[in-house]
Amino acid sequence: MFRRSWRHTAAVATVALLALSSVTACGDDSSDAKDLSENRAGAMENYAAGTQFKATEPLSFSVLYNNHPNYPLKNDWLFWKELTARTNVTLEPVAVPLSDYNQKRSLLIGAGDAPLLIPKTYPPDVHAYVSSGAILPVSDYLDLMPNLKDKIEKWNLKPELDTLRQADGKFYLLPGVHEKPWHEYSLVVRTDILDELGLEIPKTWDELYTVLKAMKAKYPDVYPFSDRYSQPNPAGNLLNLLAVSHGLEGAGWNFQHVSWNAGAQKFEYTGATEHYRHILEYLNKLVAEKLLDPESFTQTDDLARQKLANSKSFVISGNAQALVNDYRPDLAATNPKAKITKIPLPVGPAGEINPASRLENGMMISSKARDSKNFVAMMQFVDWLWYSDEGQMFARWGVEGTTYVKDATGKAGLAEDVDMIGLNPGAPKHLQKDFGFANGVFAYGGRPELVQAFFSAEEQEFQKVMNARTPKSPPPPYPLTDEEREQVSLWETPLKDHVYQATLQFALGQRDLAQWDAYVTELKSKNMDAYLDTVNKAYERYRDEHK
């Protein structure tokens with residue numbers, strides 16, 4: 001709903017404290033960070049986790065605002081008024097269109113004109129700003145953020161946070177943090193066709209093959225599986241689902257150049273692994289047996305939806321929004337008796353894992369903020385709004401009695417006259433458009449019951465199944481120096497383009513998989529080995545420095 005991703009409670013207090021000490025040991029809490037005696041104006045003296053933050057004097061902070069077309073910015077939103085009433089802080093949004101956000105952010109930071117708070121930033125985007133000194137090493141200031149520190153301890157988030165660290169051992173992004181991973185995309189299947197054929201929902205990719213074979217036998221003129229999300233990357237979502245099911249870090253629209261091999265204790269080039277070859281063999285088999293529409297690798301979303309609506313296919317990929325907003329209305333118009341659902345991610349060689357990260361987009365802070373007399377108060381405010389249970393509840397749900405009500409058990413529900421993603425159809429007001437809550441700039445992360453607050457019962461059941469699976473361990477950090485990052489950036493595009501090209505050729509049968517070794521040699525000619533050598537040396541350097 002609010003993001004695409006990218007993408008364990010501590011056993012005892014001692015373990016939690018050790019975990020936290022290691023978070024702050026890696027270059028955090030520098031002497032500069034501790035000298036804050038001149039920067040405490042407006043700050044609370046006894047601010048702690050679970051405490052309502054309220055500045056001791058009226059304050060205002062500028063924030064880069066990602067203006068979403070589905071709920072355009074309004075200055076009279078209740079969100080702004082209530083936020084000021086609760087915190088004594090007024091936010092001054094610098095609005096930038098969603099379509100232009102990354103470019104405008106770069107221009108503002110480069111010109112030294114960026115607002116103090118820079119949210120809606122994904123981890124890879126941070127790299128471009130570190131060497132200039134334009135953004136703050138926020139890991140130095142975790143002691144000012146007791147709610148975030150509390151969640152790092154209780155949710156054992158150190159391994160994930162370590163993946164954000166740069167070569168200096170610090171991280172420069174305050175990410176959205178989740179207690180549980182949230183996996184969003186999977187396959188969407190016509191269950192009425194399964195019922196007709198006496199088939200169960202497939203639990204593995206091998207079972208999916210069997211199901212597709214049965215569908216093809218009954219409907220020989222149909223490609224049972226015709227997918228979308230294929231532009232600009234071929235089979236973007238399907239490849240990623242297969243990749244994470246094989247234990248790789250990502251492919252397709254989430255292509256990751258390297259994946260961690262835990263057995264070998266080193267990174268491998270994703271597009272050259274045996275797992276990737278097995279993925280292409282699987283796709284090639286589906287295409288060769290006419291179970292997967294070859295146009296799945298290149299067609300528009302609209303064409304894929306038309307085929308599903310017209311019963312020219314029975315399987316497609318998607319998330320909860322695509323299911324509810326696209327596929328069901330499409331089918332209702334052409335085949336009202338059709339039934340369709342999103343199934344749990346099919347299990348592959350990696351086993352029953354939940355591949356989603358517990359981190360998502362987050363906040364950069366301008367380095368100018370460090371010199372402000374209100375710096376400590378600003379960090380306390382950020383901690384409360386984005387990381388406290390109360391702040392997260394406020395940002396997502398709004399004001400009790402106005403935008404939501406609680407039942408006898410204390411569970412929140414939308415007020416009768418307020419809608420959100422069709423939960424109160426026909427209600428005259430909208431939680432995002434009319435009030436400014438559930439806003440992707442401010443509402444992300446948290447406990448599952450909060451993150452899933454506006455999920456349908458069906459989607460909550462999907463998440464329950466996925467959360468019962470083992471979370472995928474994050475790969476170890478491999479922070480690159482500025483020089484290394486500049487070098488690998490020159491290698492990445494030619495490598496990725498060749499992987500995409502060969503993926504299409506192998507899957508469609510335009511190139512024989514017997515030429516796999518030749519393909520790997522071609523990647524080597526495009527500096528694959530040098531890329532891997534750089535990454536693995538960076539990993540070893542970081543590992544040795546932080547033993």
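I began with the second largest cavity and sorted its lining residues by class: 4 nonpolar, 3 polar and 2 charged. (For the classes, Ala, Val, Leu, Ile, Met, Phe, Trp, Tyr, Cys and Pro are nonpolar, Asp, Glu, Lys and Arg are charged, and the others, Gly among them, are polar.) The lining consists of His 178, Lys 180, Pro 181, Trp 182, Gly 446, Arg 447, Pro 448, Val 451 and Gln 452. Its space comes to about 40 Å³.

The model is predicted, with local features needing pLDDT of at least 70 and side-chain atom pairs counting only at pLDDT 80 or more, while totals for chains, interfaces and linings use all residues. Residues are numbered from 1 along each chain as its sequence is written, and side-chain values use heavy atoms, without hydrogens and water.

I also wrote down the terms. On a 1 Å grid over the protein atoms alone, a cavity is a set of points where a 1.4 Å probe fits but cannot get out; a pocket is an open set with protein on both sides within 12 Å along at least five of seven lines; lining residues have an atom within 4 Å of a point. Points are joined across faces, edges and corners, and the volume is the space filled by probe spheres set on them.

Next I looked up the largest cavity, at about 50 Å³. I found Ala 320, Leu 323, Val 324, Lys 342, Ser 456, Glu 458, Glu 459 and Phe 462 around it. Helices H13 (320–334) and H17 (457–467) each give at least two of its lining residues (helices are DSSP runs of H or I with at least four residues, strands runs of E with at least two, numbered from the N terminus). By class I noted 4 nonpolar, 1 polar and 3 charged.

Then the second largest pocket, with about 410 Å³ of space. Of its 15 lining residues, Met 393, Trp 397, Glu 449, Leu 450 and Ala 453 lie nearest the centre. Which element gives the most to this lining? I got H15, with 4 residues.

Last, the sheet. Three strands make an open, antiparallel sheet in the order S8-S5-S9 (strands pair if DSSP finds at least two bridges between them). S8 (315–318) and S9 (340–342) are the edge strands with a single partner each, so one side of each has no neighbour in the sheet. S5 (186–190) is joined to S9 by 3 bridges. In that pairing I saw Val 188 opposite Lys 342, and Lys 342 also lines the largest cavity.
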